[in-house]
Amino acid sequence: MDSSIYLASLFIFGYEFTLSLLFVGNLLHAFLTYKVTAWWKHLFNFSMFSIMITASYYMFLFSGGVIGFINLTSTFSYLLVIGTYYLINTLIVSIYFLSSSSTSSSLFSIFKEIGQETIANYIITLALAFVLAILLQSNPIFGTFIFTFVIILASLAFIKYFNLYEQMTNDKIYQEQILHSLPIGIITVDNRTSDYFLNHTAKTLLDSDENKIKFLTNKDQSNNEYFWSIFSSKKGCHNVKVTYKTNENNYLFLVSQSPLYDQHKNTIGRNFYFIDITDTDDLEKRMHQSEKLAMLGELAAGAAHEIRNPLAVIHGFMTLMKDSFTVVEQEKYYIPLMLNEFGRINAIIEEMLMLAKPGSPQFKEVSVNDLFSEIPDFYKQSSTKNQLQFKINLDSTTLLLDEKQIKQVMYNLIRNSSDAMNGNGTITFYSKLDKVYYHLFVQDTGPGIPKDIQKSIFDPFLTTKETGTGLGLTIVQRIIENHHGNIQLFSSSEEGTTFVISLPLLKK
């Protein structure tokens with residue numbers, strides 16, 4: 001409300017006196033409140049009023065106003081001055097609120113809101129400025145006293161209003177911070193204005209904001225038709241599973257939609273909210289996989305011995321037939337082929353038994369480098385047709401391992417790499433250490449694993465080979481997990497595939 005004093009002073013005494021009055025007033029205020037108000041705030045306040053007074057003064061002169069007395073013929077100039085003063089003040093205050101808040105509101109929306117709330121105050125300010133100017137012309141001392149008394153009361157009311165507005169703004173910011181902090185994507189639609197509000201989670205998951213959301217319904221129909229059809233339907237729903245694809249991620253959402261009510265229980269919009277359950281769904285799939293493995297283990301343990309007994313008898317008779325038949329007879333009755341198929345059946349049974357019950361690891365301290373140095377030589381001796389090259393660059397750290405089981409892991413990985421490279425390529429072993437794990441990398445120069453099966457390569461019976469059982473990597477994963485470690489597909493491309501096995505270091 002001190003603006004009335006500055007405007008009245010500007011109309012009667014001119015520019016220099018008004019700025020001097022502003023300086024003295026701010027200096028006195030800074031002296032009285034130096035303990036509770038930072039110096040830069042006084043400087044900001046002085047600068048803001050200087051800009052408003054200067055602009056108003058030159059606008060008053062430009063419009064034909066005369067300094068020294070109140071003249072009703074200059075009414076347009078007075079209105080132009082208060083308009084200039086009002087617009088500059090509102091703009092500066094809007095910039096202040098925009099810079100000090102974390103909301104997503106634009107400068108224009110803040111300016112509009114503050115302008116609508118304060119325009120009545122500026123009309124009162126102009127009226128009070130006229131009153132003070134008239135009093136200064138007729139009776140300066142008495143007029144100043146009466147006006148000061150009235151202005152103090154009005155200022156107290158204005159300060160109270162400003163504090164309420166600031167508190168309401170802070171409450172709004174706090175509520176928005178709560179919404180932005182929730183791990184739930186929320187889209188609010190206002191039926192009256194068709195405006196959208198998205199919290200931070202919704203913007204991140206959908207890779208969108210309020211400006212883009214209006215176009216996403218049509219833009220993403222090809223990939224996310226079901227998601228946007230629920231959103232556009234405006235019908236209530238609860239926990240509907242919906243897939244959603246972005247340029248970088250594939251999500252599984254649990255989507256719900258409900259009406260938005262005002263304080264009178266009238267429907268004013270709707271809330272569309274969704275939860276990312278991608279990781280939860282993956283966990284459920286892993287649980288189902290574990291259940292399948294458990295069932296497979298029970299089946300294998302119960303049936304393997306029953307299968308092996310008659311299989312051994314048949315294999316024995318087939319071997320006798322082979323020894324008894326001539327080469328021509330063997331070829332006629334496909335004896336070699338049947339013996340090979342019996343061997344394949346036996347290999348499948350062995351892998352099923354190993355998967356069902358790989359056995360508790362017999363841990364002992366083993367040097368990783370010494371353990372792996374034996375594997376390439378053994379593999380070359382057992383498979384003379386392959387022309388594999390091995391490169392080993394391993395740290396000689398000692399770990400608690402079951403030598404037999406870890407060698408089985410390596411044989412399975414080498415066999416997969418050899419099959420992928422048709423027995424001709426390079427397999428590299430190298431290691432990295434951190435504070436907790438020994439990371440062993442197994443890299444080949446094969447054609448890579450197809451992207452569509454990379455996430456499920458450890459599932460049982462998944463294979464791309466005609467003669468494969470699809471149990472090799474499942475067994476590898478089971479053994480590594482029994483060693484309290486984990487195995488992951490590190491990378492796969494046309495240049496090769498790399499697995500990383502992480503095994504815990506010895507505790508000191």
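Helices (H or I, at least four residues) and strands (E, at least two) are DSSP runs, numbered from the N terminus. This is a predicted model, in which local features need pLDDT of at least 70 and side-chain atom pairs count only at pLDDT 80 or more, while totals for chains, interfaces and linings use all residues. Residues are numbered from 1 along each chain as its sequence is written, and side-chain values use heavy atoms, with hydrogens and water left out.

**Figure 1. The whole protein chain.** The protein chain has 16 helices and twelve strands. Of its 508 residues, 38% are buried; here buried means under 20% relative accessible area, exposed over 50%, and partly exposed in between (1.4 Å probe, protein chains only). A contact means heavy atoms within 4.5 Å. Among the contacts with a separation of 6 or more, 60% are between residues 24 or more positions apart. The chain exposes about 30,800 Å², and carbon and sulfur atoms supply 60% of that area; accessible areas come from the Shrake-Rupley method with a 1.4 Å probe, and for residues only the protein chains shown count as cover.

Figure 2. Helix α2 covers residues 15-32, 18 residues in total. From its first C-alpha to its last it reaches 26 Å, close to the 26 Å expected at 1.5 Å a residue; the expected span is 1.5 Å times one less than the number of residues. Which residues of α2 are buried? They are Tyr15, Thr18, Leu22 and Asn26. Seen down the axis of α2, these buried residues fall within an arc of 65°, so they line one face of the helix. The arc is that of the directions from the helix axis to the C-beta atoms. An α-helix has 3.6 residues a turn, so residues three or four places apart point the same way. The face turned away from the buried side carries the exposed residues Glu16, Val24, Leu27, Leu28, Phe31 and Leu32.

Figure 3. What do the buried residues of α2 pack against? They pack against α1 (3-12) and α3 (39-62). Take a closer look at Thr18, which lies in helix α2 and is buried, with a relative accessible area of 0%. Leaving aside its neighbours within four places in sequence, Thr18 is in contact with Tyr6, Ser9, Leu10 and Ile53.

Figure 4. α3 has 24 residues and reaches 35 Å from its first C-alpha to its last, close to the 34 Å expected at 1.5 Å a residue. Its buried residues include His42, Met48, Phe49 and Ile53. On the surface, Trp39, Trp40, Leu43, Phe44 and Tyr96 form a nonpolar patch with about 590 Å² of accessible area together. Patches are made of residues with over 30% relative accessible area and no salt bridge: like charges are joined within 9 Å, nonpolar side chains (Val, Leu, Ile, Met, Phe, Trp, Tyr) within 5 Å. α3 gives the most to this patch, with four residues. Tyr96 has its place in helix α4 (residues 75-100) and is partly exposed, with a relative accessible area of 36%. After α3 comes Gly64, whose phi is positive, near 95°.

**Figure 5. Salt bridges.** Side chains of opposite charge can pair when their charged atoms come close. A salt bridge is a side-chain nitrogen of Lys or Arg within 4 Å of a carboxyl oxygen of Asp or Glu, and by this rule the count comes to two. In one of them, Arg192 pairs with Asp190, the closest N and O atoms being 3.4 Å apart. Arg192 is exposed, with a relative accessible area of 64%. Glu403 forms a salt bridge with Lys364, and here the closest N and O atoms are 2.8 Å apart. This pair links distant parts of the chain, 39 residues apart: Glu403 is in helix α15 (residues 403-420) and Lys364 in strand β6 (residues 364-367). Glu403 counts as partly exposed at 25% relative accessibility, and Lys364 counts as partly exposed at 45%.

**Figure 6. Two loop residues with positive phi.** Most residues other than glycine have a negative phi, and most peptide bonds are trans. Lys234 has a positive phi of about 65° although it is not a glycine. Lys234 lies in the loop between α9 (221-233) and β3 (237-245) and is exposed, with a relative accessible area of 58%. For Asn422, phi is near 55°, again a positive value in a residue other than glycine. Asn422 is found in the loop between α15 and β9 (424-433) and counts as exposed at 71% relative accessibility.
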